[in-house]
Amino acid sequence: MLGIDDPQIWLAYVSCVVSALGCVVYGALNWKDGEEEQVVKSSTPRPAVQE
Amino acid sequence: MAVDTSTLIILVLVYLASIFYLARMGYRQSSQTDGYMLAGRKVHPAIMALSYGAAFISTSAIIGFGGVAASLGMGLLWLVFMNIFFGIFIAFVIFGPKTRRIGLNLGAVTFPEFLGRRFQSRFIQGFSGLLIGLFMPLYAGSVLIGAARFLETTLGINYNFALLIFTIIIASYVIKGGLLSVMYVDAFQGTLMFIGMAFLLIFTYVKLGGVVGAHQTLTDMAPLVPQSLVDIGHQGWTAMPSLGSPLWWTMFSTLFLGVGIGVLAQPQLAVRFMTVKDDRSLKRAVLVGGPFILMMAGVAYVVGALSNVYFYRTTGQIALEVAGGNTDLIMPAYLNSAMPELFVMFFMLSLLSAAMSTSGAQFHAMGTAIGHDFYQEGIKKGKSKDTTIHATRIGMAFSILFSVSLAYILPISIIARATAMFMGLCTSAFLPIYMGALFWKRITREGAVASLVVGSVGSLFWLTFVHAKEAIPLGICQAIFGKATLLSGTWPLVDPILIATPLAFLVAIVVSLATKPMPEKFLDKCYSLMPQDEDEDDFEPHAHTNADTASV
């Protein structure tokens, strides 16, 4: 397949492309989907740690 | 690389002008602590993903690993798959959202502060900051050396001058503008890298007879593999090494121990999860992150392996022979002889971008670790009169000087191991408690402290006294005990990650189960979906001074 005889290699080649495409699809689905989850306040004072 | 130097210098000047413009844009928006340390927590997902990828991929990952693929073949593509799956998908979708949310709920602005506040321990924050401040300069030094050597060969300028000018340029916008400047510049540089690698792939396939044709020719070249490589298991550039052979073990351990797992606990990468405004932004960022890593590492490995076809056709020799056995010279040699001159110039900017973006991320992470985490929070217990930004700037200046000094002082044998040493140390020290912080509510402060200390000391001990690849060039074991490594047999071959990381996980679990769980109310606050403001009476006053919000 793809000029590569060893299945372990063409599988790696295909897996790379498929996983990158999977990332594109996953990202795109989340992109068009829904509202913002929450509004974040910048520089909000936060509690310090205890020691 | 032999290209028209005057044209290249003009291109570099235009490139630098663009960088300073973007850095200035970031600086003008970094008016508060969150802006300087965390880019304002509302960075666009695409910018976050490009910045994460560009910080992750350095020039040596393209030139060095491309050369390694030219020697070992396409089996390294499994590493690309691991990088995309763990380094992007798992990192952005599983680790990212919880890191962002807990970081926001507890007001953390750095990775050590995230750990420190999650475990309510200034020790963890200070110790982590010190660890990063002391050992990241080794890694930063190695990237600086790589960049300076690259500038020396491409622009024909003096090595020492190149090192100095490269450092000053990056330091100027990192110190002045903070993380937002760094991320804007990263996004620009990441785009250049993406375009450069895309053209490289297309040129290569077109030149060598298409995807299938090029691969088939490489497959047919298997009998040309040098005997020395055949003896250790090499079966051709489009075949995996024979099962259980030394080469197979090398590839296997690189896949799992190297970038695959180590990337999850890199402070300069993890902090970027806290720069976006919501969980969905992290999921959106996957759209850019996955293809970016494919185009960087994937293309470097494929083109590196295919360079054998080009060299065999044009010179009758395989890539390794053309480069005189030095894998680092294969990609530059291929670029110079196979690619059009204008593209070579553009590609040099892509490589310069790869080096600059990695260094910029390191400078920011080291500076915040030393100035804010170690000094302000660890030593001064949050009572420093300095603003966070001021302390961080001093920390950056100090750690950049330290990195440059190391780049001058340390022998090349140690610098060559610096990246692996730092990644290994981060994995053993941070991965167990970082995972515990995100996914295991039962982990306690005591468990985290013990794990952090055991993981870091264990890793440092193993690489100094047992693991031959570091112990021999360091020479500390030889000086103290009169022998190269304390243990013999197969032990000196076992990577520190394999020893120190499981040990640190074990210690975290055992000590946590033996100690009192953290307060339920605090854990609710950590994991809550919305930032809580009403429970602040339960804790000490805010650690960042009011002056933090002053304008930069």
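1. B:Asp495 caps the N-terminal end of H23(B), one of its side-chain oxygens lying 3.0 Å from the backbone nitrogen of B:Ile497. A polar contact here is a pair of N or O atoms within 3.5 Å; within protein, one must be able to donate a hydrogen and the other to accept it, and residues adjacent in sequence count only if both atoms are side-chain atoms.

2. This is a predicted model, in which local features need pLDDT of at least 70 and side-chain atom pairs pLDDT 80 or more, while totals for chains, interfaces and linings use all residues. Residues are numbered from 1 along each chain as its sequence is written, chains are lettered from A and ligands numbered from 1 in the order written, and side-chain values use heavy atoms, without hydrogens or water.

3. Helix H23 of chain B (residues 496-514) has 19 residues and spans 27 Å from first to last C-alpha, close to the 27 Å expected at 1.5 Å a residue. The expected span is 1.5 Å times one less than the number of residues. Helices are DSSP runs (H or I, at least four residues), numbered from the N terminus.

4. Which face of H23(B) do its buried residues line? Seen down the axis, they fall within an arc of 125 degrees, so they line one face of the helix; the arc is that of the directions from the axis to the C-beta atoms. Among them are B:Ile497, B:Ala504, B:Val507 and B:Ala508. On the other side, B:Leu506, B:Leu513 and B:Ala514 are exposed. Buried means under 20% relative accessible area, exposed over 50% and partly exposed in between (1.4 Å probe, protein chains only).

5. Over all chains, 30 aromatic pairs are found. Rings of Phe, Tyr and Trp (its six-membered ring) pair if their centres lie within 6.5 Å, with planes under 30 degrees apart stacked, over 60 edge-to-face and the rest tilted. A:Tyr26 and B:Phe89 form an edge-to-face pair, 5.1 Å centre to centre with 75 degrees between the planes. This pair crosses between chains, from helix H1 (residues 7-32) of chain A to helix H5 (residues 77-106) of chain B. A:Tyr26 is partly exposed at 22%, and B:Phe89 is partly exposed at 23%.

6. Ring pairs link A:Tyr26, B:Trp78, B:Phe81, B:Phe85, B:Phe86 and B:Phe89 into a cluster.

7. The structure holds zero disulfides over all chains, a disulfide being a pair of cysteine sulfur atoms within 2.5 Å. B:Cys426 is buried at 2% relative accessible area, and B:Cys477 is buried at 0%.

Conventions:
Helix = DSSP H or I, 4+ residues; strand = E, 2+ residues; numbered from the N terminus.
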